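Colleague: Could you take me through this model? I would like to begin with the whole chain and then look at some details.

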Amino acid sequence: MASTYLLYESASGYALFHAHGLDEIGQNTEAVRSSVSDLNRFGKVVKLAAFHPFESALDALKQCNSVSEGLMTDELRSFLEINLPKVKEAKKAKFVLGLAEPKIGSNIFEETKIPCQSNEFVLELLRGVRLHFDKFIKDLKSADLEKAQLGLGHSYSRAKVKFNVNRVDNMVIQAIFLLDTLDKDINSFSMRVREWYSWHFPELVKIVSDNYLYAKVSKFIEDKSKLAEDKIPGLIDIIGDEDKAKEIVEAAKASMGQDLSPIDLINVQQFAQRVMDLSEYRKKLFDYLVSKMNDIAPNLASLIGEVVGARLISHAGSLTNLAKCPSSTLQILGAEKALFRALKTKGNTPKYGLIFHSSFIGRASARNKGRMARYLANKCSIASRIDCFAEKSTTTFGEKLREQVEERLDFYDKGIAPRKNIDVMKDAIESADNKATDMDIEEVPSEASGKKNKKKKSKGNANGEVAGENGDVGEDVKSEKKKKKEKRKLDRKTEEEGSEDINGVKGEEEAGKKKKKKKSKEEKAVVVDHVEDGKKKKKKKLRREEEEDDDDE
């Protein structure tokens, strides 16, 4: 029976164990499982053969990454070749290397021809090694091993979670959730302000309908009895309508509301201020959501809008999950209850979910809403995949896809045939490439122009200094420039004349060639005519001879 070696990759280094006497156990998994917990029994079967510690935490992370990817490093190869028996060519190895990961086992076998094995029996043995690892190695404390495992685990996880800070879709998910919560809270708080202040000034509810403006006006008015015409300019600034401001003042004079104590008014004003603050924060949060969506999913945002796009990403869980969804799933995303109810009752399945909030579905006629939702879901799935997997962020594809949806709307309403998808995508790719090249070109000349400006300035300064020292020298410089210009004009004229002469010579040569070709063609025609005449004469002679022979007979 072949002897078994075990490779254990710990946080502190590579360890090689030799498992002997396994024929006595008979490779029974249950027997090994029972002996694992007892170190005395397990230590008789498995013994440490070699240990290679990692040089640093960075080296440990490198080795861990390579093992997880199923690749054998140079350190691991040299460690195995030194400590394992050598495998002779064209001969079967007398040992087996037990591993936890079969992927790295295949890589080791391909490169070193060391036979590897990974099964339940080997995994049970490695479980025992992991349990008693600190006992096998001298001068290794369990606390040190735990620290090494913790540090390596953190660094390995940090290295695996590679992401762009500007493209974290989790921020969009949190922002859209908070936006929905704020909308509900602001609405309920505004109703509470209306009810509370209406005890004092009930007529204001009918004049000012907007929640935010109502809270602002109630805080400005405070006590209705003190509201006079001198406060009309302030009301106009808040409401933006002079007639409404005068109406509020007139209503306050004949109001049926009860008077409130100063403490009650202070509480109403404080609550109104909180509602105003929440409304202002909601506006800032919406701007933040728009900017994040333009960073994370620019094409999806330009196609369907920032809010609807954020809702889709939030419902799917992430942009990657949304990109993995087929367009049929994206179409009914958010209408899961209606879908399963329809499947249960064997009714009509829903045509749209969150995508219904898009303006395109609203603009389509009732007959075409389902068709429009299916087409829009198709384009949204394309846009989400481009945003998820494209290296450079651009809105070109989203704008082109939006144009396609607009064309499809016109096709349903007016019958105008839309462009083909292939042509639109070709245009999008070309425009995206052109934008990229334009950006590169803009960056390069800016540096070059800066250098030119510096040169011009230096030249200008030099000329200015010379002119300042002596006025005659400046005139000489001007005359030299004029001479140079005249020389350039003469050179251009001579070049043009030379080019005309050359063109004339070339024309004569071409005419001569054409004449020669014509002559050769005429000569060939003459030769062909001679040959044909000779053939005709021979035929006539043959006919005469045949006629003479017939007459003789």
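Modeller: What follows goes from the whole chain to its sheet, a helix, the cores and some single residues.

Colleague: What kind of model is it, and how are residues numbered?

Modeller: It is a predicted model, in which local features need pLDDT of at least 70 and side-chain atom pairs count only at pLDDT 80 or more, while totals for chains, interfaces and linings use all residues. Residues are numbered from 1 along each chain as its sequence is written, and side-chain values use heavy atoms, with hydrogens and water left out.

Colleague: How many helices and strands are there?

Modeller: The protein chain has 25 helices and 5 strands. Helices (H or I, at least four residues) and strands (E, at least two) are DSSP runs, numbered from the N terminus.

Colleague: And what percentage of the residues is buried?

Modeller: Of the 553 residues in the protein chain, 33% count as buried. Buried means under 20% relative accessible area, exposed over 50%, and partly exposed in between (1.4 Å probe, protein chains only).

Colleague: In what order do the strands of the sheet stand?

Modeller: The open sheet of 5 strands has the order β3-β2-β1-β4-β5, with mixed pairing. Since β3 (46-53) and β5 stand at the edges with a single partner strand each, one side of each is left without a neighbour in the sheet. Two strands pair if DSSP finds at least two bridges between them.

Colleague: How do β1 and β2 run?

Modeller: Strands β1 (residues 3-9) and β2 (residues 13-19) run antiparallel and are joined by 6 bridges. Thr4 stands opposite Ala19 in β2.

Colleague: Now a helix. Which residues of α6 are buried?

Modeller: In helix α6 (residues 102-112), the buried residues are Ile104, Gly105, Asn107, Ile108 and Thr112. They are on the same side of α6 because they cover an arc of only 165° around the axis, the arc being that of the directions from the helix axis to the C-beta atoms.

Colleague: Why can residues three or four places apart point the same way?

Modeller: An α-helix has 3.6 residues a turn, so residues at that spacing point the same way.

Colleague: What do the buried residues of α6 pack against, and what is on the face turned away?

Modeller: They pack against α4, α5 and β5 (116-117), where contact means heavy atoms within 4.5 Å. The face turned away from the buried side carries the exposed residues Pro102 and Glu110.

Colleague: Next, the largest nonpolar core. Which members touch the most others?

Modeller: Among its 48 residues, Ile304 and Leu376 touch the most other members. The largest share, 8 residues, comes from helix α22 (residues 369-389). A nonpolar core is a set of buried Ala, Val, Leu, Ile, Met, Phe, Trp, Tyr and Cys residues joined through side-chain atoms within 4.5 Å.

Colleague: What does Leu376 contact?

Modeller: Leaving aside neighbours within four places in sequence, Leu376 is in contact with residues including Leu303, Ile304, Phe360 and Val405.

Colleague: Last one: where is Thr73, and is it buried or exposed?

Modeller: Thr73 is in the loop between α4 (57-68) and α5 (74-83). It counts as buried because its relative accessibility is 11%. The side chains of Thr73 and Gln63 are joined by a polar contact of 2.7 Å. A polar contact is a pair of N or O atoms within 3.5 Å; within protein, one must be able to donate a hydrogen and the other to accept it, and residues adjacent in sequence count only if both atoms are side-chain atoms.
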